[in-house]
Amino acid sequence: MKQFIYIATAALLLMMTVSCSDDFLDKTPDGEYIEDNFYDSDEALYASTAPLYNRAWFDYNTRGMLLLGSLRANDAYSPYNWPEYGMFTVTALNEYLSDIWAGFFSVVTMANATIDNINTKSTDNVSEEAKQTAIGEARLMRGVALFYAMHVWGPLVLFEHNQEVVDNPVRPRNPEEDVFQFVINDLTYSAENLPETPYAAGRATSWSAKAMRLGQGPARRG
């Protein structure tokens, strides 16, 4: 009986301790980064854009780049492996086409999230130059992804904030002219705000954006 009383008392004290602290589950772990405290330095912003150079493009790079690039450009041909790409007979039912779409819009949504976080979560420790550079990287990647996607699908749904699509997923497609102007706006910002020399190996510069912007002709599919 005494053992039961001890257990019941301990349980009651534990419940009182938890109930007295409303923010018990909202504690930020010591020494750990979360989204709300990550953007606290220039280095953190540069780290936030790093996935845009690799992981974001995974679904496209795994196979889509070969299919849309080498096979459709006649750099490579195989009658047994994806001949529909070399012969331009791909239909909307092609399984790799959905991976390519996912790859492009992985870049778009990751770039959008990065830009929003930089604009809303950066602390006073972050310099304006770092903000402009990081946003320039994100807008460059977003512009390139949309440029590629437009040449495959034509009209696309444009959005700058991911929550817009979450709240309203049924949206009309924007015509090619609007998509093209959106891309030009992204690349122009990047050309004006990225440094002329990379701040780290492998990072984009203003010349990267200028090359993409100048290299674009009228939007054509096929």
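Thr109 is partly exposed, because its relative accessible area of 30% falls between the two cut-offs: buried is under 20%, exposed is over 50%, and partly exposed is in between, using a 1.4 Å probe and protein chains only. This residue lies in helix H6, residues 95-121. Helices here are DSSP runs of H or I with at least four residues, strands are E runs of at least two, and both are numbered from the N terminus.

Before going on, a word on what you're looking at: this is a predicted model, where local features need pLDDT of at least 70, side-chain atom pairs count only at pLDDT 80 or more, and totals for chains, interfaces and linings use all residues. Residues are numbered from 1 along each chain as its sequence is written, and side-chain values use heavy atoms, with hydrogens and water left out.

Back to Thr109. What does Thr109 touch, once residues up to four places away in sequence are not counted? The partners are Phe159 and Asn162, where a contact means heavy atoms within 4.5 Å. Phe159 sits 50 residues away from Thr109 along the chain, yet their C-alpha atoms are separated by 8.9 Å.

**The whole chain**

Zooming out, the protein chain has 10 helices and 0 strands, so reading the sequence from end to end gives α-α-α-α-α-α-α-α-α-α. Of its 222 residues, 33% are buried. Among contacts with a separation of 6 or more, 67% join residues 24 or more positions apart. The exposed surface comes to about 13,600 Å², with carbon and sulfur atoms supplying 56% of it; accessible areas like this one come from the Shrake-Rupley method with a 1.4 Å probe, and for residues only the protein chains shown count as cover.

**Helix H7 and its partners**

How do helix H3 and helix H7 pack? H3 (residues 42-49) and H7 (residues 128-153) meet at an angle of about 0 degrees, and their axes are 9 Å apart. That makes H3 roughly parallel to H7. Axes are lines fitted to C-alpha atoms, for helices over the stretch in contact, and angles run from 0 to 180 degrees between N-to-C directions. Angles under 35 degrees count as roughly parallel, over 145 as roughly antiparallel, 65 to 115 as roughly perpendicular, and the rest as oblique. From H3, the contact uses Asp42, Leu45, Tyr46 and Thr49, while H7 brings Ala130, Lys131, Thr133, Ala134 and Glu137. Sorted by class, that gives 4 nonpolar, 2 polar and 3 charged residues. Here Ala, Val, Leu, Ile, Met, Phe, Trp, Tyr, Cys and Pro count as nonpolar, Asp, Glu, Lys and Arg as charged, and the others, Gly among them, as polar.

Met141 lies in helix H7 too, and is buried, with a relative accessible area of 10%. Leaving aside neighbours within four places in sequence, Met141 is in contact with Leu52, Tyr53, Trp57 and Val107. Met150 is another residue of H7, and is buried at 1%. Over in helix H9 (residues 176-193), Leu187 is buried, with 0% relative accessibility.

| Pair | Apart in sequence | C-alpha to C-alpha |
|---|---|---|
| Leu187 and Met141 | 46 residues | 8.9 Å |
| Met150 and Phe180 | 30 residues | 8.0 Å |
| Met141 and Ala209 | 68 residues | 9.4 Å |

**Two loop residues with positive phi**

Trp82 is in the loop between helix H4 (58-71) and helix H5 (83-86). Its phi is near 50 degrees, a positive value in a residue other than glycine. At 23% relative accessibility, Trp82 counts as partly exposed. In the loop between H5 and H6 you'll find Phe88, where phi is near 55 degrees, again positive in a residue other than glycine. Phe88 is partly exposed, with a relative accessible area of 47%.
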